[in-house]
Amino acid sequence: MTVKYTPEHEWIQLEDHEYAVVGITLHAQDALGDVVFVDLPEVGRTYAKGEQAGVVESVKAAADVYMPIAGEVSEVNEDLRVDPSLANKDPLGAGWFFKILIKDMAEFDALMDEPEYAKFVQANK
Amino acid sequence: MSATQQELQKTPLHALHLELGARMVPFAGYSMPVQYPAGLMAEHQHTRASAGLFDVSHMGQLRLAGPDAAVAFETLMPVDVVDLAPGKQRYGLLLTDEGTIIDDLMFVNRGGELFVIVNGACKAGDLAHIHERIGSRCAVVPMPERALLALQGPKAVDALRRVVPGVEKLVFMTGAGFQAKGVDLFVTRSGYTGEDGFEISVPALQAEAFARALLAQPEVKPVGLGARNSLRLEAGLCLYGNDIDTTTTPIEAALQWAIQKVRRTGGARAGGFPGAERVLAQLDGREPIARKRVGLVALERVPVREHVELQDVHGQRVGEVTSGLLGPTMDRPIAMGYVPPQLAAAGTRLNAIVRGKPVPMEVAPMPFVPNRYYRG
């Protein structure tokens, strides 16, 4: 499955031709430390690309989670709300944040791929 | 690398922090470990359960020497310096002429001199202030040649006594000089976590070897500044710059316990410190205070951080949070903030406005986690 990345350290993975899953990257969870709280977007609401769609907090810091591309939120990860440490334990799997119905596939295609994101993280260290 | 990073100072344990895999951050002009690979939460829990080793060498150590040192130092603070017995340690506050707080500090009567520990970010300003006000009455000697370590937690004494025999005889808020393998140490039984523990002043050149000797003890793990902050907040202790600063008086900050009777109205040495008129008027209730520092516990599991607005139940803005996080020991969001005195009673309901939404909070007594000091 194709996975893309944002400069704000979200990942977005295609589920099929319409839907995608969004979470925070391994790098993001590592930088934050132990995640103790998440705030998730509203199901059914449409968000613009770059709009704040959630919050992730560790003991020491809070960070916003942004919508990687425009879309309507179709589902949020209720397990993550109950156990925010999933974002540390399995950020690319069980620690997903929300799913969206993609509005414009071109926005998805324009995001960074894995090697580009790795380079981006390295350059911003 | 940015200019600020190049200018950061390093503590004598810098190489050891890197070797231990610490994540280093700028703090008080120093490159400091915010956490080690175990992570903040594990480091916090370890300190509450066993013993955590902290590098606090960024803090300022200084000596005030000479026959007039205690009398002179007392003119800068609303606390009893003169009657502090040799070997005893006390909490102090440097005040502006308006009675607001320049810094909070700890000092020990070492017999013949006072040993003072001040906040890292304040140390240059403190030194200048002390020099200016009492530099002609006593020697004011900074001690950059010494590192400062803290070993905190219920098993700190078991670990430290193996390396420095005799420290177990100290009780809370006392200090003494010790020799360990020829190294001159000054140890106090105090700290910033609410736990039993020690702060150890050690010559910079021997600091790394000493830290390694402590880390070799089975009870001890390194702990970063991140957990230091969550531990001190659970213990109800102020962080200078957040909870107290030059806009707050000791009475607004609910630190009147630090003002001994002898310095209060009617005491043998009442007043005579900067801002005394205002501070004592507030303490006596002759001048009302507009706000007071309180502890707060959130009734929902949403962390409430510094600068968050506090509202009363009618939606009126009444104050602000100055420190806040999810307390790892309690697994609940805790905070300190300032509210009008009529809203400062324990149990008072308030709302913290987090991302535009009210999070219900209740004024709560501090410490949030009971102190476990060793008083003998």
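I am working from a predicted model.

I looked up the geometry behind that. The two axes, of helix 3 and helix 8 of chain B, come within 8 Å and cross at roughly 55 degrees. The crossing of helix 3 and helix 8 of chain B is right-handed.

Next I listed the residues that make this contact. Helix 3 of chain B supplies Leu40(B), Glu43(B), His44(B) and Thr47(B). Helix 8 of chain B supplies Gly226(B), Ala227(B), Ser230(B) and Leu231(B). I sorted them by class and got 3 nonpolar, 4 polar and 1 charged.

Then I turned to the contact between chains. Chain B puts in 14 residues and chain A 9 residues. On the chain B side, helix 3 (40-49), helix 8 (225-234) and strand 17 (317-327) each give two or more residues. That side of chain B divides into 7 nonpolar, 4 polar and 3 charged residues.

Last, I checked the largest nonpolar core, which has 131 residues. Which residues touch the most other members? They are Phe73(B), Met77(B), Val116(B), Leu149(B), Leu151(B) and Ala352(B). Strand 7 of chain B (residues 101-109) gives this core its largest share, 6 residues.

I followed up Ala352(B). Leaving out residues up to four places away in sequence, Ala352(B) touches Ala298(B), Val304(B), Val308(B), Leu310(B), Val321(B), Val359(B) and Met361(B).

Methods. Residues numbered from 1 in each chain as written. Chains lettered and ligands numbered in written order. Predicted model: local features only at pLDDT ≥ 70, side-chain atom pairs only at ≥ 80, totals over all residues. Contact = placed C-beta atoms within 7 Å. Helix = DSSP H or I, 4+ residues; strand = E, 2+ residues; numbered from the N terminus. Nonpolar A, V, L, I, M, F, W, Y, C, P; charged D, E, K, R; others polar. Core = buried A, V, L, I, M, F, W, Y, C linked by C-beta atoms within 7 Å. Buried ≥ 20, exposed ≤ 12 C-beta atoms within 10 Å, placed from the backbone. Axes fitted to C-alpha atoms, helices over the stretch in contact; angles between N-to-C directions. Left-handed = near helix turned anticlockwise from the far one by under 90°.
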